[in-house]
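These are my notebook entries on one protein model. I recorded each point as I looked it up.

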Amino acid sequence: MNLLSSLTQHVIEKNPNEPEFQQAVKEMLESLEPVAELHPEWIDAGIFDRIVEPERQIIFRVSWIDDNGVVNVNRGFRVQFNSAIGPYKGGLRLHPSVNLSIIKFLGFEQTFKNSLTGLPIGGAKGGSDFNPKGKSDREIMRFCQSFMTELSKHIGADTDVPAGDIGVGGREIGFMYGQYKRLRNEFTGVLTGKGLSYGGSLARTEATGYGMCYFVEEMLKATENSFKDKTVVISGSGNVAIYGAEKAIQLGANVVALSDSDGYIYDPAGIKLDTVKKIKEVNRQRISEYVKYHPTSKYHKGCSGIWTIKCDIALPCATQNEINESSANALISNGCIAVGEGANMPSTPEAINVFLKSKILFGPAKAVNAGGVATSALEMSQNSIRYSWTFEEVDNKLKAIMSDIYMKTSNAAKEYGFEGNLLAGANIAGFIKVADAMYSEGIAY
Ligand code: NDP
């Protein structure tokens, strides 16, 4: 039976210029067919129709003045997708490619990811087409203040709690938090990813990358394998990539490649993370600088070549649709045994088919990168009780959450006839809790 295919078609027709959003919805609804068959009451209550429509979408003008005194205008977004299980929660992305389709796909996925964490957080996403590259600290500050001036009207510690994403790290969260506090005169946990001196959580910076490796380690353990002595390729060189590399190295792997949107570095002797942190986190330079410090390494222009490097484990941690069918085929023919999606929707549908058909271990983004938002929820808890846990306490909670997500995901896959398909498992397990809450809360939303 194809109970949900007409809904997929309806979403495509209703959101015609939103390819990323269409892609995310199609993938989700395909996994949910067996759930729809078992739950006619959810069909009757319109759960599937309602879950693909954001509760609220806010689009706003962000004007700011650059260092030359010139007025710039960007577009800001906040899509509050689903609040059935808790206040809206999800990151803010600053990148010139940002548009409504991208923010909607991210908000939609966030809803189910947040549900998988087991913590009470709804789904949202936001951002702007502002390009932070090449901007001075003062320009970043003025942009963030202008962005928050509007955003502050729509968020709150019990309403909607944004965090970082591409282009938004500690610096940007600091500027936004300062502005929120100035406007509202309240010191609350309205943003996560804050600095440690004003309410941030230890281990939040590391959480998405570390959590990704904890999840992948669970997948490997199920086949009596581990990170030890494995060759690992990681795309990106931002927050998720750097801390993913750090944990993979701690678990005994050799990380040989990292990238940015211009190209990738290959260091077969093993990437030196101290150098990468200096280049990316301190100097905010391009990854190509790495070869100046380590002349035996090589820099290659272009992003997709990174997937032709022979590796055991591939961890895409840059952006959506960065692995296409031919990159996926290259990974498989080079003997890759596991892929863990650190970025959101980094594999195209064709690439996912290659991974699933070849029966390698495939960890989907919703599950694999959920450690970031889970630790953000732990930051919210610490803010609420006005207390801070130690790094070890937070890291241990993160480990337990990632292991629980792995169990939920693989059990749901088994129960609904998709044994071994963690993509379907994550979609189903994430959906069921949200659907159950929406059903209980009634229809008039
Ligand atoms: P950062 O901004 O810290 O780093 C992003 C990295 O990806 C940079 O190296 C960047 O290169 C590269 N990149 C960005 N856009 C593109 C593009 N269009 N093509 C090629 N490379 C690109 O972001 P994060 O590390 O925080 O986020 C990375 C991914 O992880 C995203 O998909 C994000 O949604 C996801 N994620 C992040 C979480 C978090 O806690 N931070 C939580 C869950 C998911 P360049 O500098 O050249 O732009």
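**Entry 1: Asp 312 and its surroundings**

I began with the contacts of Asp 312, leaving aside residues up to four places away in sequence: Asp 312 touches Asp 229, Lys 230, Thr 231, Cys 336, Ile 337 and Ala 338. I note that the model is a predicted one. I then located Asp 312 in the loop between strand 9 (298-301) and strand 10 (313-315). Is Asp 312 buried or partly exposed? I found a relative accessible area of 24%, so Asp 312 is partly exposed, given that buried means under 20%. I also looked up the separation of Asp 312 and Ile 332: they are 20 residues apart in sequence, and their C-alpha atoms are 9.4 Å apart in space.

**Entry 2: The whole protein**

I next turned to the overall fold and recorded 17 helices and twelve strands. The C-alpha trace spans about 65 × 55 × 45 Å along its principal axes. For 445 residues, a compact globule would have a radius of gyration near 22 Å, and the 21 Å of this protein agrees with that. Of the 445 residues, 57% count as buried. I took the accessible surface as about 17,800 Å², with 51% of it belonging to carbon and sulfur atoms. Among contacts between residues at least 6 apart in sequence, 71% join residues at least 24 apart.

**Entry 3: Salt bridges**

How many salt bridges does the protein have? The count comes to 22.

I looked at Lys 366 and Glu 27, which form a salt bridge with the closest N and O atoms 3.2 Å apart. This pair links distant parts of the chain, since Lys 366 is in helix 14 (residues 365-368) and Glu 27 in helix 2 (residues 19-38), 339 residues apart. Lys 366 counts as buried at 4% relative accessibility, and Glu 27 is buried with a relative accessible area of 15%.

I then examined Arg 93 and Asp 165, where the closest N and O atoms of the salt bridge are 2.6 Å apart. Arg 93 lies in strand 3 (residues 88-94) and Asp 165 in the loop between strand 5 (160-163) and helix 7 (170-184), so the pair ties together parts 72 residues apart in sequence. With a relative accessible area of 3%, Arg 93 is buried.

My last pair was Arg 286 and Asp 260, whose side chains meet in a salt bridge at 3.4 Å, N to O. Arg 286 is in the loop between helix 10 (273-282) and helix 11 (290-293), while Asp 260 is in the loop between strand 7 (254-259) and strand 8 (263-266). Arg 286 is partly exposed, at 26% relative accessible area, whereas Asp 260 counts as buried at 10%. Through shared partners, salt bridges join Asp 260, Asp 262, Lys 280 and Arg 286 into one network.

**Entry 4: A buried charge without a partner**

I found Glu 217 in helix 8 (residues 204-221). Glu 217 is buried yet has no salt bridge. Which side chain of opposite charge is nearest to Glu 217? I identified Lys 221, which is 7.6 Å away. Beyond residues up to four places away in sequence, Glu 217 touches Ser 226, Phe 227 and Leu 251.

**Entry 5: A nonpolar patch**

Finally, I looked at the surface, where Ile 65, Val 71 and Val 73 form a nonpolar patch with about 280 Å² of accessible area together. Val 73 belongs to strand 2 (residues 71-82). I recorded Val 73 as exposed because its relative accessible area is 57%, and exposed means over 50%.

How values were computed
Residues numbered from 1 in each chain as written. Predicted model: local features only at pLDDT ≥ 70, side-chain atom pairs only at ≥ 80, totals over all residues. Heavy atoms only, no water. Patch = residues over 30% accessible without salt bridge, like charges linked within 9 Å, V, L, I, M, F, W, Y side chains within 5 Å. Areas by Shrake-Rupley, 256 points an atom, 1.4 Å probe, with all protein chains shown as cover. Salt bridge = Lys/Arg side-chain N within 4 Å of Asp/Glu carboxyl O. Helix = DSSP H or I, 4+ residues; strand = E, 2+ residues; numbered from the N terminus. Buried < 20%, exposed > 50% of the residue type's maximum accessible area, 1.4 Å probe, protein only. Rg over C-alpha atoms; globule rule 2.2 N^0.38 Å. Contact = heavy atoms within 4.5 Å. Lys, Arg positive; Asp, Glu negative; His and termini not counted.
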